Amino acid sequence: MHSRRYGPDVLAAGQPRRREPRRVPAQRGLVVEDATGQFCGAVVGCEKDAVTLEDRHGRRRVFPLSPAAFLLEGEAVMLVRPADRGRAPARTASGSIAAPASRVRVARESRIYVEGRHDAELVEKIWGDDLRDVGVVVEYLGGIDDLPAIVAEFCPGPVRRLGVLVDHLVAGSKESRIAASVPSPDVLIAGHPYVDVWAAVKPAALGIGAWPAIPPGTPWKEGVLRALGWPPDTRAAWQRILRSVTTFADLEPAFLGRVEELIDFVTTPGSQ
């Protein structure tokens, strides 16, 4: 029972109601500042629950889409994902036009094998939607020392093609010698030139000027973490790097081209 004298809630009398922050679409190019005042930049990407800002020096940081997490001309606001206005077709992270959500494809016999867990996770993040749409399964390889046996077990053929993505595939390397030992028209081995796939991510996506030069004989990942002043935790570092990648534009062309080449090879007309 409410008292007419005191109203519905006497304890709430005189207490100001907390105002909800204004919701602002995170349109590309919108300049905002994080609520702590430590980073100011323009929106360059927005996902379901995170937005990527780039400052005037080309440094990028990823922030969660939390209430009152940003300042817009001094006002605390909540950034939200822009609504789809139907002006352009939806695109995947690789830049391809997204297929209808209801489309279901049966997996092809052709496959792509990817050396390295981080490589496979990066391929999934950028090309996962495209690969599911064309029915291509990606499998992780712990290494390629036994690649000839792995290929023989797969039994490639004209309608059962195999693409292999290899780390550090450069002339004179161990990887190049192994690749040369698998001469098959139904197998394509492609590789990027980087010692580690971390370096396939553009430094600007992480807000750094360049990947550090690590002296020969020093473990590359550990050397990078020390040079950048990051905590000595490679797993946490990789998650930080992976979060910074939102579209194909965050990756180096030498990596992009090799993955696209492999996808084209295993989806060529006539392959299954």
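Here is a short walk through a cavity and some salt bridges in this structure. The model is predicted, so local features need pLDDT of at least 70 and side-chain atom pairs count only at pLDDT 80 or more, while totals for chains, interfaces and linings use all residues. Residues are numbered from 1 along each chain as its sequence is written, and side-chain values use heavy atoms, leaving out hydrogens and water.

Let's begin inside. The structure holds one cavity of 30 Å³ or more (on a 1 Å grid over the protein atoms alone, a set of points where a 1.4 Å probe fits but cannot get out; lining residues have an atom within 4 Å of a point). The largest cavity has about 40 Å³ of space, taken as the space filled by probe spheres set on the points. Its lining includes I112, V123 and L165. Helix α7 (253-266) gives the most, with three residues.

Now for the charged pairs. There are 11 salt bridges, each a side-chain nitrogen of Lys or Arg within 4 Å of a carboxyl oxygen of Asp or Glu. In one of them, R22 meets E75 with the closest N and O atoms 2.9 Å apart. R22 lies in strand β1 and E75 in strand β7, so this pair ties together parts 53 residues apart in sequence. Helices (H or I, at least four residues) and strands (E, at least two) are DSSP runs, numbered from the N terminus.

K221 pairs with D196 at 2.4 Å between the closest N and O atoms. K221 is partly exposed at 21% relative accessible area, whereas D196 is buried at 10% (buried is under 20%, exposed over 50%, partly exposed in between, with a 1.4 Å probe and protein chains only). Finally, E54, R60 and D250 are linked in a salt-bridge network.

Key
On a 1 Å grid over the protein atoms alone, a cavity is a set of points where a 1.4 Å probe fits but cannot get out, and a pocket is an open set with protein on both sides within 12 Å along at least five of seven lines; lining residues have an atom within 4 Å of a point.
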